[in-house]
Each structure stands twice: as C-alpha cells, then as structure tokens.
Amino acid sequence: MADILNNSQQLGAEKYPRKSEKLIQYGTSGFRTKAEELAHVMYRMGVLAAFRSMQKNAVIGVMITASHNDEPDNGVKLVDPHGEMLEASWEGIATKLANVKNEELKSTMCDILEENKIELGKNAMVYVGRDTRPSSPYLAQAVIDGVESVQGCVTDFGILSTPQLHFFVTCQNTNKAYGEPNEEGYFKKLASAFKALRGESADNGQYQHSLTLDGANGVGALKMKILQEYLGNSLEVSIFSSGDGKLNYQCGADYVKVLQKPPHSMQLEVGQRAASLDGDADRLVYFYLDTQGKFKLLDGDKIATLVAGYLKKLVKESGLNLNMGLVQTAYANGSSTEYINNTLGVEVACVPTGVKYLHHRALDFDIGVYFEANGHGTVIFSPTATDMIKKAASDETLPSDQVATAKRLFLLMDVINQTVGDALSDLLLVETVLHAFGWSLAEWDAAYTDLPNRQMKVSVADRNVIQTTDAERRCVEPPGLQTEIDSIVAKFNKGRSFARPSGTEDVVRVYAEADTQANADQLAHQVALKIYELANGVGTVPSLPN
Ligand code: NG1
Ligand code: ZN
C-alpha cells in the first residue's frame with residue numbers, strides 16, 4: 001500500500017506538479033479555471049475518483065470541461081454512482097487534495113483513505129470523458145495517470161457531452177437497467193422513444209419538423225450529427241457553429257441567453273425555429289424572430305413551463321394520482337414563477353444556483369421538473385411514479401385512452417435523460433411537446449411574457465465577502481449591502497434584484513428585472529455600483545449595459 005502511494009506521489013510531483021500557491025476550489029460545477037493551471041488538479045482528481053470508486057464499489061465518472069466558458073479555461077467534475085453530482089461532503093476533500101503541496105500528497109491520500117475507511121487495492125473503475133477544448137486531451141491524460149497511479153481501471157470515452165458521461169455511469173451502476181453504457185445505447189434509447197412518440201407524421205398544425213441549431217462549436221454539434229442518423233426523417237436539423245469557429249465564441253446557449261441575441265453566424269428569418277447548445281451540451285435555449293423581427297428567447301424557464309404543462313395534461317388524462325413540482329433558482333424570471341403558480345397550478349420550489357440543489361429538491365416529487373433559467377435541467381420520475389406509469393401502460397382493465405396516455409408518459413421517460421440536464425435529450429423533449437400541441441415557437445411563447453431582465457458581473461478583491469441566504473435572494477454580508485439593494489429596488493416598478501458570488505468565475509453576479517428593459521438595465525447597474533463600493537470592487541467601475 002505504501003508503495004502505491006509513494007509511486008503516486010512521485011509521479012504527481014514529477015509529471016503533474018502543483019506549480020503555484022493559488023487556492024482552487026471545487027465550485028458550482030467542479031474545478032474551473034485557466035487550463036494551464038489545471039494539470040495537477042486533474043491528476044489528483046484521477047486519484048480521488050479511484051478512491052471514491054473503491055469506497056462506493058461503483059463506477060465514478062470524471063468529466064473534463066468548462067462548459068460555456070471560453071476556450072482558454074477548462075475544468076473537471078466528478079460524477080457519483082447514480083449519475084449525480086459529487087456528494088457535497090466530498091467537495092471539501094477534493095478541494096483539500098487539489099491544494100496540498102506536492103510533498104504532502106501522499107500523507108493527504110493516506111488521510112482520505114483512513115478517514116473514509118477506504119481499502120486501497122480494492123477494484124476501482126473510472127469513466128473519463130472530455131469536451132472539444134484543445135487543452136482537454138492532455139488534461140484527460142493527467143486524470144488517467146492519476147487513476148492508474150493507484151491501480152484503478154479507466155475507460156476513456158474520448159469526446160463526450162457531459163450528460164452522456166452521467167448517463168453511462170448510471171447505466172453501468174444499475175447493471176444496465178437504465179440503458180447500455182455506451183454511445184450507441186444512449187442514442188438508440190433517446191431516438192427510438194422520440195420516433196415512437198412522433199408517430200407517422202413529422203409535421204403537425206403549426207409545427208414543422210425543421211430546426212436550426214447552434215452547436216456552440218463544441219461537442220453538441222458533433223453528437224447531434226450522430227443523433228441525426230438515428231432520427232432519420234423524423235427531425236431535420238441544420239447545424240450552425242458546428243466546429244468551424246472557437247468554442248462558445250459569439251455563439252452557444254450562454255451567449256444567446258445573456259446577450260439576448262442570436263449567435264453571430266446565424267441569419268434568422270421571421271418565425272424560424274432555432275436553438276442553441278452550450279459547450280458541453282448540457283444547456284439548451286430556443287429563440288426566434290417575431291413578426292416585427294424582434295428577437296425572442298425561450299429559455300430554461302420557458303422549457304420548464306412547456307414541459308410541466310404537457311406532463312400535467314398527460315398525468316390528468318391517464319388518471320394517475322401523481323404529484324408534480326417545478327424547481328427553479330432565483331434567476332427564474334418573475335413572470336414564469338407567477339405563471340406556474342397561477343395558471344399551471346404546479347408547486348414551485350426555489351433553491352440556490354447549481355444543478356445539484358435543483359436535482360435534490362426535485363426528488364421530493366413524484367414527477368420533478370427542474371430547470372435553471374440558463375437552459376440546464378431535466379425531469380425526474382420517482383421509482384413509484386415509474387412503476388405506476390409502467391403498469392398503467394399495459395393495464396388492460398383501464399379505458400384505452402388512459403392506457404394510450406400512460407404509454408406516451410412511458411416513452412417520454414425514455415426520451416428524457418433523468419440523470420442530469422441534457423441539451424440533446426431536452427431538445428427531443430421540447431420537439432415532442434411542440435409536435436404534440438402542433439405549436440410554433442410564437443404559440444409556445446404566448447403562455448407568458450418575460451419581465452425584461454439584465455445580468456451583470458462585478459469584479460471584487462474577494463468574491464466570498466458576499467454571503468447570501470434565502471436561496472441566494474438576499475445578502476447577509478457585507479453588512480448594509482442588502483438594505484442598500486432594497487432601497488434601490490424599491491425605486492423600480494416590478495423591480496427585483498439580487499447578487500451572489502459566482503461558483504465558476506472570479507466575479508460577483510448581479511441579476512435584475514423590472515417593467516422595462518431600460519429600467520432593468522438601470523437597476524442592475526445601480527446594484528452593481530453599490531457592490532463595487534461596498535464589496536471592494538477592483539478594475540473598471542461597472543458601466544451601464546448598452
Ligand atoms: P455560477 O458561475 O456559479 O453563476 C453558472 C450558472 C449556474 C450553473 C453553473 C455551472 C448562471 C447565472 N449561473 O454558475 O446556473 O449552470 O454555471 O455551469 O447561469
Ligand atoms: Zn454546460
């Protein structure tokens with residue numbers, strides 16, 4: 001045992017040494033920073049993933065990606081046995097291991113093994129996937145070396161979307177009950193359910209089966225091309241930003257959502273149905289130009305309401321007694337929350353930013369729909385709901401229309417990647433609902449009108465001086481900041497604003513919404529200035545968005 005750890009420490013120090021004293025933290029979505037600062041973190045996360053696998057006696061996933069961030073960044077996150085994000089208590093362990101000095105690596109590994117009662121030498125199996133960033137192959141090798149240094153086994157899947165890796169981990173750890181742990185299994189499961197739901201006719205009412213897709217110049221574009229082969233003629237997809245430019249540069253779901261405009265390379269026509277993926281294909285937003293040529297965004301909130309509305313209808317028609325809840329974060333548009341409460345009649349929950357919180361809260365419902373406004377989310381069905389739907393779908397004692405509806409629900413469960421938000425699976429889900437309703441994007445959009453909103457970033461000396469409560473909707477530190485925010489917000493009609501430290505970038509994020517775009521911009525700007533003043537702002541003073 002000592003030999004293994006000695007060798008691992010030596011390899012770590014020689015091949016992947018920690019070169020700077022800079023502290024790095026396991027954040028909202030794992031470690032994320034400039035790729036050149038990450039080699040030692042990757043190696044150590046390989047070691048940690050192997051330890052976690054030994055502890056859980058299950059496959060653990062390691063994904064190398066920085067999602068929607070620019071190309072020079074990269075990141076790594078661990079996927080736990082059921083395809084969920086790494087357990088919170090292990091985030092601290094990960095942070096510790098990533099930051100210890102090279103010469104303390106072995107003793108820290110020993111401590112982790114001891115404190116968590118892990119027997120070194122037990123079988124460890126780690127699945128590794130990476131996005132298309134130029135830095136990813138080298139960083140993936142560092143992870144692999146880390147796993148192998150403690151005698152773990154690796155399956156290197158090469159380029160994958162983040163949700164594919166979550167899916168594979170779940171499949172393997174459920175003894176394939178959830179599906180086959182490989183790309184063919186993934187595409188077959190999604191596409192065959194989608195085609196069965198679509199039936200004979202690919203068009204319906206105002207719904208046309210052609211879609212324009214922005215692939216963010218990333219893995220989503222590559223995987224959509226493969227998915228198209230499985231889909232045949234049921235959905236026609238024209239892919240833009242398919243790898244000819246830089247990842248996420250002037251394209252991708254984050255660009256479209258935050259800047260509220262189409263990707264640079266896409267020439268949209270009025271009414272054309274378009275969507276954007278992010279750099280690792282776990283986020284999805286839709287958009288179109290209305291009859292006045294105005295850009296209209298259908299974000300995660302709109303996807304959640306569309307899907308929840310459809311599922312609610314199916315549950316009612318199938319006669320099943322299942323409760324449903326919709327989980328959002330503070331970034332959800334106020335109009336969406338009002339619509340879910342007052343029109344959809346579905347319970348809403350608000351949790352802090354980060355999919356792990358949403359997923360966890362969604363587990364409280366028979367059917368839990370969760371989406372971040374940025375387009376990251378999915379639907380999960382409890383074991384009881386799954387069972388009831390499955391039974392009803394083949395219950396000959398029930399009226400035939402109820403059975404047919406239960407069958408639709410059953411197929412929808414297969415279109416949905418329940419392990420994590422998945423842009424390709426979500427895209428098939430949205431297309432299914434629009435097809436079923438016979439809707440254009442304008443018809444979908446008509447459910448409610450978003451309040452104009454604005455996001456801003458403020459650079460401060462230490463973003464952790466901002467501390468929040470109430471699902472991040474109120475600041476408790478620094479003292480006095482929340483009172484100031486409250487008095488600014490009070491000046492705006494339908495005003496709402498909050499600030500929180502980002503978990504993926506070294507900034508404080510400000511969100512604001514109000515009755516007009518000019519007011520939302522003003523509100524965001526005034527709050528940003530207040531943060532700059534009270535939280536030790538650095539660099540240029542925030543300016544009014546244009
Ligand atoms: P941070 O940087 O903590 O705001 C962002 C997103 C999260 C989540 C993570 C992971 C917003 C406002 N924040 O987190 O929702 O998706 O990235 O990628 O969209
Ligand atoms: Zn992403």
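**Figure 1. Cysteines without a bridge.** There are zero disulfides in this structure, a disulfide being a pair of cysteine sulfur atoms within 2.5 Å. Everything here comes from a predicted model, where local features need pLDDT of at least 70, side-chain atom pairs count only at pLDDT 80 or more, and totals for chains, interfaces and linings use all residues. Residues are numbered from 1 along each chain as its sequence is written, chains are lettered from A and ligands numbered from 1 in the order in which they are written, and side-chain values use heavy atoms, with hydrogens and water left out. Take cysteine 475: the closest cysteine sulfur belongs to cysteine 350 and sits 14 Å away, so a bond is out of reach. Cysteine 475 counts as buried, at 6% relative accessibility. Cysteine 110 is partly exposed instead, with a relative accessible area of 25%. For these labels, buried means under 20% relative accessible area, exposed over 50%, and partly exposed in between, with a 1.4 Å probe and protein chains only.

**Figure 2. The whole chain, before zooming in further.** The chain carries 18 helices and 19 strands; these are DSSP runs numbered from the N terminus, with helices being H or I of at least four residues and strands E of at least two. Its C-alpha trace spans about 65 × 60 × 45 Å along the principal axes. A compact globule of 546 residues would have a radius of gyration near 24 Å, and the chain's 23 Å agrees; that radius is taken over C-alpha atoms, and the globule rule is 2.2 Å times the number of residues to the power 0.38. Of the 546 residues, 59% count as buried. Among contacts with a separation of 6 or more, 71% link residues 24 or more positions apart, where contact means heavy atoms within 4.5 Å.

**Figure 3. Lysine 257 and the residues it touches.** This lysine lies in helix α9, residues 253–259. Lysine 257 counts as buried, with 9% relative accessibility. Leaving out residues up to four places away in sequence, lysine 257 touches Leu297, Asp299, Ala373 and Asn374.

Figure 4. Look for alanine 442 in helix α16, residues 441–445. Alanine 442 is partly exposed, at 40% relative accessible area. Aspartate 290 is 152 residues away along the chain, yet the two C-alpha atoms are separated by 7.2 Å.

**Figure 5. A cis peptide bond at proline 478.** Glutamate 477 and proline 478 are joined by a cis peptide bond, with omega about -5°. Proline 478 belongs to the loop between β17 (474–477) and α17 (481–489).

**Figure 6. Two loop residues with positive phi.** Asparagine 57 isn't a glycine, but its phi is positive, about 55°. Most residues other than glycine have a negative phi, and most peptide bonds are trans. Asparagine 57 sits in the loop between α2 (39–56) and β2 (60–64), and at 58% relative accessibility it counts as exposed. Lysine 176 also has a positive phi, near 70°. Its loop runs between α6 (162–173) and α7 (183–198), and lysine 176 is partly exposed, with a relative accessible area of 43%.
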